[in-house]
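Trainee: Could we go through this model together? I'd like to ask my way around it.

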Amino acid sequence: SMQLEWHQELRFVVSRLLQGENFINHSLSHSSVNIKIGNSNRNKLTKLRRKLNNSNPKVMLTAPGFRCSYAEQRALLWRWRHWAILDNMEDHLTLFVNPDWAWRTSRDSENKGKAYSIMQIARALLPLYIPSELLEGFKCIRAFVLGLPLTRPQFIFSSNSLHGNTIFKMLVAEWQKYGTELHYHQHGGGYGLERNLAIETSEVRISDQFYSWGWTKYGTTVKYLSPSMPSFNEKLKRTKGILLYCLDLPRSPYKLHHIPMPGSIETMHRETEDFLRFLPSTEDITIRPHPNDFGWESTERMTNIAPHAKLDTSLSSSFLRNQRASLIVHDYLGTSWLESLGLNIPTICFYNPNIYKFRDEANPTIDLLHQVGILHSTGKEAAQFIVSISQNIDEWWRSSPVTKARNTFCIKY
């Protein structure tokens, strides 16, 4: 909801607070904020789909996170048409609001004194960072949302919408008061694994029922529900190549997770470069860079080190891409390594153990993956291991120790 200049100004305030400046000795002067919600490009499609949908569904699906082909999605929705509909709530709205600096700074100035801890800084910045769609623009947006032609369902299911869909969040908050149940599904990596994961805690707390990829916690609030997977074409020919998935992240911290942050992002890039350097040949490597570079120029550095490697920036299905590879390598632990392990494709990952921290109950399984060569602590170590199994990757992957370690991990995560 905030314009870039506002964020830049707030970052300056943070730096001054870290230097011990008094909380009330700063000022922010933006006169207006442009709020945009929804997707203007899909507005017509959303309205058309509603005309064709069941007008009184039992279940509404909003960004359910189908991990299958588009054709399979449409076939599923057709079979479920009598009781379920898909509505991704992408209605478009744009409005300008004036920041309520009297309210924001009055709450901010309550935190007087010096900033000695991260919690003090967080309390001081919270009034400034509250999204304008939830403060100055809340009344207008709520009226817009409640005016949408949507029938309240008995259940609403999603795996992504609590992250950034304002319409979804507002409607669910309203509908839950009248008995609609929110059923939410894990959508990515880290859940059940990372020592602390704020989005997991929040999503489980908000949901009437949360579905994981295998792990359990919080009593009966969390149940296991395997994510849908595509039907692989058994006749599709696999290549002899290695597919390398790469992560990139912004140059400024934007969330507190056990993931690389500025200072350790550079280390992640160096490890990926080392991985490419220590392979005897990169002609059979396909590099899948992160879609955003964030100014690191990491893709350019990788192609300089491995000029004969292929670069894949296509929009094709990741599952089709994965099925063609003889080995998939990940330079981070996110969503993609869980998918390739779950699909039983030979998988190797390298990551910084000083950054990624796991829960006590997950550590024995993580140790098993290290012992059989799936997980590595450096890019060099991963490259050297690949060289050692390069003549018999499938034999290594099908070996009893690797199969046992993979199955033990996949059952839970």
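Trainee: Which residue stands opposite Phe 350 in S14?

Mentor: First, the ground rules: this is a predicted model, where local features need pLDDT of at least 70, side-chain atom pairs count only at pLDDT 80 or more, and totals for chains, interfaces and linings use all residues. Residues are numbered from 1 along each chain as its sequence is written, and side-chain values use heavy atoms, with hydrogens and water left out. Strands here are DSSP runs of E with at least two residues, helices are runs of H or I with at least four, and both are numbered from the N terminus. Strand S13 (residues 347-350) runs parallel to S14, joined by two bridges, and the residue opposite Phe 350 is His 376.

Trainee: Which strands stand at the edges of that sheet?

Mentor: Two strands pair if DSSP finds at least two bridges between them. The open sheet has six strands with parallel pairing, in the order S11-S10-S9-S12-S13-S14. Each edge strand has a single partner, so one side is left without a neighbour in the sheet: these are S11 (310-311) and S14 (375-376).

Trainee: And what angle does helix H15 make with S13?

Mentor: H15 (residues 379-389) packs on this sheet, touching S9 (242-245), S12 (327-330), S13 and S14; touching, or contact, means heavy atoms within 4.5 Å. Axes are lines fitted to C-alpha atoms, for helices over the stretch in contact, with angles from 0 to 180 degrees between N-to-C directions. On that scale, the angle with S13 is about 155°.

Trainee: What is the average twist in the sheet with order S3-S2-S5-S6-S7-S8?

Mentor: That one is also an open sheet of six strands with parallel pairing. S3 (84-86) and S8 (222-224) have a single partner strand each, so they stand at the edges. From one strand to the next, the twist averages 25°.

Trainee: Which residue of S8 is the bridge partner of Tyr 211?

Mentor: Look at S7 (residues 209-212), which runs parallel to S8 with three bridges between them. Tyr 211 has as its partner Lys 223.

Trainee: Gln 186 sits in the loop between S6 and H9. Is it buried or exposed?

Mentor: Buried means under 20% relative accessible area, exposed over 50%, and partly exposed in between, using a 1.4 Å probe and protein chains only. Leaving aside neighbours within four places in sequence, Gln 186 is in contact with several residues, among them Tyr 211, Trp 213 and Trp 215. Its relative accessibility is 1%, so Gln 186 counts as buried.

Trainee: How far apart are the C-alpha atoms of Gly 192 and Ala 362?

Mentor: Gly 192 is in the loop between S6 and H9, and at 3% relative accessibility Gly 192 counts as buried. Not counting residues up to four places away in sequence, Gly 192 touches Glu 200, Trp 215, Arg 359 and Tyr 413. Gly 192 and Ala 362 are 170 residues apart along the chain, yet their C-alpha atoms are separated by 8.0 Å.

Trainee: Which helix gives the most to the lining of the second largest pocket?

Mentor: A pocket is an open set of points on a 1 Å grid over the protein atoms alone, where a 1.4 Å probe fits, with protein on both sides within 12 Å along at least five of seven lines; lining residues have an atom within 4 Å of a point. There are 44 lining residues here, with Leu 247 and His 290 among those nearest the centre. Helices H12 (318-324) and H13 (336-342) each supply at least two residues. With four residues, the one giving the most is H12.
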